[in-house]
Amino acid sequence: MSGARRQALVGAGLVVIYTGLIAAADAITKRIADGFEAPQMFAVSGAIVVGLSLLLARGKRAAIRTGCPRSMMLRSAATVMAAVAFFQAFRLLPFADVFLFIGVMPVLAALMSGAILGEYPRPAAWGALLVGAVGVACLFPAGLHAVEPGHLWAGFAAVSGTFSMVMARFIGRHESNAIAQVLWPNLALFAVSLVGLPLVWRPMGLAELGWIAGYAGVLFLARWVSVVALRLLPAYAVTPLMNLQFVWMITLGALAFGEWPAAGTLLGAAIVIASGIYLLWDQMRPERRFERNLRIEP
């Protein structure tokens, strides 16, 4: 097996692990969102993730230092916006419906990767990306007047979340420090949440603290895995693989929240998952690897 194909398979395997972790984190988010506001959840979970990052750094400043401070600031800001927007989307929409907005992230990643990273999908891949976008439209069979605030939050979350991932790959080109990419965005999330915390604080029992601690631990692992995966695969190839998250979200939505997706949601999911499979195949084609080898990195 060639090195490029092995790299693609390892990256794909890491993304599969990521989808299970992030779906579990999203399920906890939806549960907590029913009783608490975003600043309270993210202040507590952000502090835990920051603590775990510093613990793994073991006092070594090099482990948390970044050589791309401006890019890290942009990634951190996008991470904060995405976290808040997804929180509101999960509060207002059925669990599986949010997935279709996650499913359109490959289209956004392709647009941003071309402009920021110089990683341009081939024409056939653009077709797959657009087909995936059609899948999102299946969520609105009655037209745009069916759009609700939760859909707007989910759309904003998809844009900001994709930008954060693209910036992670950009930073990963210049340094391999995964802990820094987990630490600084979560430190920003903690700091921003701390500002609004006095306005929304509610007493929490041990059960709620346990859920948030579990969320923080799962999120820490998920973000570390995603940073490593984005060093191995282009962002527009990683995001379609995340469509496997829909399987987890249907299962968790049914078992934990009693939510069963509508026929339009299932049809849209099938479309975006098919487009994601094609994008991974396109990334692993021999001629694609040849083109990548010829590209001069910026």
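These are my notebook entries on a predicted model and on what I looked up in it.

**Entry 1. Conventions**

I worked with a predicted model in which local features need pLDDT of at least 70 and side-chain atom pairs count only at pLDDT 80 or more, whereas totals for chains, interfaces and linings use all residues. Residues are numbered from 1 along each chain as its sequence is written, and side-chain values use heavy atoms, with hydrogens and water left out.

**Entry 2. Overall make-up**

I looked up the secondary structure and found 14 helices and zero strands. Helices (H or I, at least four residues) and strands (E, at least two) are DSSP runs, numbered from the N terminus. I then turned to burial, where buried means under 20% relative accessible area, exposed over 50%, and partly exposed in between (1.4 Å probe, protein chains only). Buried residues account for 52% of the 298 residues in the protein.

The accessible surface is about 13200 Å², and carbon and sulfur atoms hold 72% of it. Such areas come from the Shrake-Rupley method with a 1.4 Å probe; for residues, only the protein chains shown count as cover. For contacts (heavy atoms within 4.5 Å), I noted that 90% of those between residues at least 6 apart in sequence join residues at least 24 apart.

**Entry 3. Nonpolar cores**

Which residues touch the most other members of the largest nonpolar core? I recorded Phe42, Phe86, Phe99, Tyr215, Val238 and Met249, out of 65 residues in that core. Helix α1 (residues 3-33) supplies the largest share of this core, eleven residues. Apart from it lies another core, of six residues, including Val50, Ala57, Ile179 and Leu183. A nonpolar core is here a set of buried Ala, Val, Leu, Ile, Met, Phe, Trp, Tyr and Cys residues joined through side-chain atoms within 4.5 Å. As general background, nonpolar side chains in soluble globular proteins tend to be buried together.

I also checked Thr29, which is in helix α1. Thr29 counts as buried because its relative accessibility is 4%. Beyond residues up to four places away in sequence, Thr29 touches Met41, Phe87, Phe90 and Tyr215.

**Entry 4. Gln181**

Is Gln181 buried or exposed? Gln181 has 2% relative accessibility and therefore counts as buried. The residue lies in helix α9 (residues 178-200). I found its side chain 3.1 Å from the backbone oxygen of Ala168. Leaving out residues up to four places away in sequence, Gln181 touches Met72, Arg75, Ala168, Ile171, Gly172 and Val227.

**Entry 5. Leu56**

Leu56 is in helix α2 (residues 38-57) and is partly exposed, its relative accessible area being 45%. Its contacts, with neighbours within four places in sequence set aside, are Ile179 and Phe220. Leu56 and Ile179 are 123 residues apart along the chain, and I read 7.8 Å between their C-alpha atoms.

**Entry 6. The salt bridge**

How many salt bridges does the structure hold? I found one, between the side chains of Arg91 and Glu37 at 3.3 Å, N to O. The pair links distant parts of the chain, 54 residues apart: Arg91 is in helix α4 (residues 69-92) and Glu37 in the loop between α1 and α2. A salt bridge requires a side-chain nitrogen of Lys or Arg within 4 Å of a carboxyl oxygen of Asp or Glu. Arg91 is partly exposed at 26% relative accessibility, and Glu37 is partly exposed at 33%.

Ala96 is placed in helix α5 (residues 95-103) and counts as buried at 8% relative accessibility. Residues up to four places away in sequence aside, Ala96 touches Phe246, Ile250, Pro261 and Thr265.

Pro149 is in helix α8 (residues 149-174) and is exposed, with 52% relative accessible area. Pro149 and Leu93 are 56 residues apart in sequence, and their C-alpha atoms are 9.1 Å apart.

**Entry 7. A surface patch**

Last, I looked up a nonpolar patch on the surface, formed by Val16, Leu244, Val247 and Trp248, with about 330 Å² of accessible area together. Patches are made of residues with over 30% relative accessible area and no salt bridge; like charges are joined within 9 Å, nonpolar side chains (Val, Leu, Ile, Met, Phe, Trp, Tyr) within 5 Å. Val247 is in helix α12 (residues 245-257) and is partly exposed, with a relative accessible area of 44%.

Notes:
A polar contact is a pair of N or O atoms within 3.5 Å; within protein, one must be able to donate a hydrogen and the other to accept it, and residues adjacent in sequence count only if both atoms are side-chain atoms.
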